[in-house]
Amino acid sequence: MTTAACGSDDEASTSGAAATPTSSSTFEQQKLAKTRFVANAGLAAGATYQWIVKPYKAGKFKKGADGRTFALVKAGLAGAFTYNRLKAAVNNAKGDPLLSKAVAPLSAGIDSLKDLGTKLRKGEAGDADVGAFEKIINSVKDAGKSAGAEVVDKVPSTSQLGG
């Protein structure tokens with residue numbers, strides 16, 4: 001007759017060895033930091049291009065343009081979404097020393113985007129405002145690339161913008 005061990009050994013169950021972080025967990029945290037950074041920065045870049053830069057260059061934000069109101073609302077949402085994702089990307093970058101150094105100088109520029117979503121939505125944004133989004137996105141992409149975390153544009157869905 002055989003019996004199965006069910007883990008009733010008190011000494012093994014109270015051992016703290018399983019909760020101790022290992023050197024591989026630090027590597028995994030850094031890898032996840034880069035992955036999350038790339039995902040968040042990619043969504044920010046995609047939203048900026050798709051709903052701010054592209055419609056702006058196509059003249060969708062000009063008074064009298066067909067679909068102007070809808071384009072401005074989407075641009076406003078995209079602006080807020082971009083700001084949110086860039087803040088998340090900077091936070092993610094803190095998990096990787098090289099990425100953190102590369103992204104750190106961009107924090108002030110990202111903070112300057114905070115109110116541009118509202119400005120876009122109200123139709124008050126101009127060349128400089130749209131250019132600010134483009135410049136920050138390109139700087140974040142360059143910083144990621146220099147730290148080995150290449151950012152690729154990923155266009156979020158309309159529901160992602162609003163939620």
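**Close-up views of a predicted model**

**View 1. The side chains of Asn40 and Asn92 are joined by a polar contact of 2.6 Å.** A polar contact is a pair of N or O atoms within 3.5 Å; within protein, one must be able to donate a hydrogen and the other to accept it, and residues adjacent in sequence count only if both atoms are side-chain atoms. The model is predicted: local features need pLDDT of at least 70, side-chain atom pairs count only at pLDDT 80 or more, and totals for chains, interfaces and linings use all residues. Residues are numbered from 1 along each chain as its sequence is written, and side-chain values use heavy atoms, with hydrogens and water left out. Asn40 lies in helix α2 (helices, H or I, are DSSP runs of at least four residues, numbered from the N terminus). Asn40 counts as buried because its relative accessibility is 11% (buried means under 20% relative accessible area, with a 1.4 Å probe and protein chains only). Beyond neighbours within four places in sequence, Asn40 contacts Arg85, Ala88, Ala89 and Asn92 (contact means heavy atoms within 4.5 Å).

**View 2. The largest nonpolar core has 38 residues.** Such a core is a set of buried Ala, Val, Leu, Ile, Met, Phe, Trp, Tyr and Cys residues joined through side-chain atoms within 4.5 Å. Phe37, Leu86, Ile110 and Val140 have the most contacts inside this core. Two or more residues each come from α2 (23-57), α3 (68-93), α4 (97-103), α6 (116-121) and α7 (127-146); α3 gives the largest share, 10 residues.

**View 3. Leu86 touches Ala44, Ile110, Leu113, Ile136, Ile137 and Val140.** Residues up to four places away in sequence are not counted for Leu86.

Technical notes: Buried means under 20% relative accessible area, exposed over 50%, partly exposed in between (1.4 Å probe, protein chains only).
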